[in-house]
Structures are given as structure tokens and as C-alpha cells.
Amino acid sequence: TYDRAQVRTGIVHIGVGGFHRSHEAAYLDLLMSQGKALDWGITGVGLLAQDRRMQQVMAEQDCLYTLVLKHADGSLHPRVIGSIVQYLFAPDDPEAVLELMADPGTRIISLTITEGGYSVHPVTGDFDADDSAIQQDLQSGSTPRTAFGFITEALSRRRARGVLPFTVMSCDNIAGNGAVAHKMIGAFARLKDPELADWLEGRVSFPNSMVDRITPVTTEADRVLLAEQFGLQDAWPVVCEPFTQWALEDRFSGARPALQDVGVQMVSEVEPYELMKLRLLNASHQGLCYLGYLAGYRYTHEVCQDSLFTNFLLGYMDHEATPTLAPVPGVDLQQYKHELIERFANPQIRDTLARLCAESSDRIPKWLLPVIREQLATGGEIGRSALVVAAWARYAEGRDEQGQPIEIVDKRRDQLIQRARRQHEEPLIFISDRGLFGDLVDNERFVRAYRWALDSLHSRGAVGTLRAATENQM
């Protein structure tokens, strides 16, 4: 309903994947369909080798793609999204990316670079500069390879040219994602160019946000279904649930699109919303994925059609996560928690447990361990959370309860497997990794709950452990 020839770039987005295309890009498309925000088109940027495929698909399809909402009753609602107007693969032409980011028309740099993309040390919370690509980007005169390198170099050019800075808008599942982006990018800039870091501190905004829409990996079946039912040939469509939510701190370096006109909650304080989502939705995903996988399930909806698992999840949410949350304006938490179970149980989404189990070393420390620490500090319940950690440790052994191999996908894969396979002889070896768990191994109450759970998983299995936990009223 809008002329894409009139759309020009206002946002450069680093990390175009399924979630960005089901969320931020979809909101912008809705705005454009109202005749607004035609100066807020998105140019996607890929930094990694695996982004080459996205570049190819975007080039073949003029950056168009199909977003398919999958309702629980089986109905499908496809929409062609046109808000992404260009896609640049940075290794091919880093200078083109830098000049676009430095252009005055670009007013927002948004990010979905995953939880692990911010180089946060899991224990100290400080910037971890050990990565080889970051070390290269820190060298004087180097061509950027990382998001940190591109953002700081683009800001340096804007500063030198007297151009107002852009806003850096993180859309990743991290508590205080804007604050994290600010701290990490600021630390990188401090190492690279202290004067630029000083300028950045006073002028660049990093709004926090909470983003939510379950977006599973696109399958070949999704492509075939789209072609057969709607006659659309799309090499990389996106499928997602109907639900979507975005709470965004209204704090920008300059102009912003009128996102409130398409349902975005523009708020002064995001933390209550983000903690609700991270500790209820995201941590519950971890609560079901390892246990479900060990028990033989492979999809989220299968697990959430089993009352033994859903009762466990609701128990975790009610008795362990909720006590750590402040009131969330405009949200009925009891209703929200039951809606989560309904969303997880949507059989049309077919979200794989393997996806939820991936990159656990980035997820568990940010989503679940804060709940455990707060509950330990206040004397609250921690048994279910300890069971989730134990289930991760059992999963990391690399074989399920049927003896089938598990493909562990994690940047710490080798060390996780090595520790997990020693835990029959050394029961605390997995949680003694202080780089992941800090001092939890020193907490007697946590260790007692964890050891019971791990022993039970080995002797009873996942289902037997959940039953025993239920009988003991965990």
C-alpha cells in the first residue's frame, strides 16, 4: 500500500535474522502502510560469514519477504514486508556500510546480534576484549569487522563532520539491553579513542527495550506451504506467532519514527517489562527445553501439552520468578503467565527444543541465575531453578535418556561437554565453572538442591524427577 521507491534509509540494522524481520521490520512496515515513516526505511547489514546467504536472498527478492502469522487453530495470515530497502554484506564493502552509518539521514542503528554479541564477561559484567576480531578492530587504522568497530568508526566520522550522532537501539534479549550496549560500546571506544568515548558519553542515546515474539527457524516445509497455499515463492520467509510486544524507552539522540501509532509501548522505564519477559518467558523456555528434550520431546508445543511439565513451569513462575519482579504497569502477571503457556503450546509454531537449548552459556547466566541469586538472598524458593540448571548439566553430557546423541550448540561447547561427562565422579564439576556460575557452588542451599536434582535426573530421568519434585512440593 506504499511506494517503496519513496522509502529511504533512516535505520541501519546489524544482524538481520528471523526475529528482526518478524518484529522491528514488521512494525516499520505497518507504519509505512499508514502512509508514515517513509524516511525510516531499514538497511540491513551482515557482518558474519553466515550472513552471506541473507544477502543473496535479499538481492534476489528486492529485500521483500513474507511474514506468516501462525494461529493455534491452524489459520495462516501472510504479509509481504517492504520496510527493508537494502542489504549490505559488510565484508564485501565495509566502506559503504560506514558511509551509510555516517550519513545524516541515518538516525538509528539497531541491533539483534544475539546475547553473546555484546562481549560481556559472564561474571564481572565488564567488556571482554579477548576476541580476536575485537582485538583487530582496536588496532589503529584497521578496517572494522565487529559491530563495535563499525559503530565507533561511524560515530567518529559524524563527530568529525559535525553530524548529530545516531541512537543505538538494542533489540536483544538482555536485561537492560540499551545500558549493556552503552557500557560495552563505550568501553570499546575508550580503548580505541578516549576522546571519542568522552564525546559518545554525553551525546549518544542507548534506549532500553523489551521485545517479544516467538519466531522459530524457517523450515523447508514453511517455504512449500507458502507456495502451495498462497502461490508465493519466497526463499526465506519468516513464520511467527500472532502475539507481539515491544516496550521501548522514549530516549533518542534525535528523531524517531512514530512507533506508538502501531502499538509500541513508549515508556520512561523499561526494566519492569524486560525483567517480566526475561524471567518468565525466556527462563521458562530454559525450564522446558532441557527436561523436554531429555524426556524425548523435540518441540515446545509437545512439552506444553503435558500437564506435568506445564505445572512445573507455572510453579517456577509463581514461586521463584514472580517474587523477584516489581509490578509491571498495565500487565496482569497471572494472566500473562497463563498466556505464556498457551503461546508455548501453539502447535502451528513448531518451535524446536534444540533452538531453545542452543547457546545456553549466554542465556542461563542472564535469564535464570539472577532469579536464583535474588531468591537465595531473600530466603525464597530455588528448587525448580536448581533443577533447570541440573537439567542443562545433564543435557550437556550429549546423550538423551534414550541414548541418542545430542548436538550441543554453544560457544563453550567443548568445555561444557568435558565438565558434564565428569559429573558422575565429580557432581559439582559443572557448576564449579566460576566463569559461568560465579560463587553459586559455594552456596550450601543451592548445592543441596542442585545435587538432588542431578542425582534424580541420572537415576529417575526427567519425567520421574518432575514427579518426585511434585510429590515433594519442591
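No disulfides (pairs of cysteine sulfur atoms within 2.5 Å) are present: the structure holds zero. This is a predicted model, where local features need pLDDT of at least 70, side-chain atom pairs count only at pLDDT 80 or more, and totals for chains, interfaces and linings use all residues. Residues are numbered from 1 along each chain as its sequence is written, and side-chain values use heavy atoms, with hydrogens and water left out.

**Cysteines**
- The sulfur of C171 has its closest cysteine sulfur in C240, 15 Å away, which is too far for a bond.
- C171 is buried (under 20% relative accessible area, with exposed over 50% and partly exposed in between; 1.4 Å probe, protein chains only), at 4%.
- C240 is buried too, at 0% relative accessibility.

**Aromatic pairs**
- The whole structure has eleven aromatic pairs, counted when rings of Phe, Tyr and Trp (its six-membered ring) have centres within 6.5 Å; planes under 30 degrees apart are stacked, over 60 edge-to-face and the rest tilted.
- F127 and F148 form an edge-to-face pair, because their planes meet at 65 degrees, with ring centres 5.3 Å apart.
- Both partners are buried, F127 at 15% relative accessibility and F148 at 4%.
- F430 and F437 make a tilted pair, with centres 6.0 Å apart and planes at 55 degrees.
- Ring pairs also link F127, F148 and F188 into a cluster.

**Charges over rings**
- R21 has its charged end over the ring of Y65, 4.7 Å from the centre (NZ of Lys or CZ of Arg within 6 Å of the ring centre and within 35 degrees of the ring normal).
- R298 lies over the face of Y293, 3.6 Å from the ring centre.
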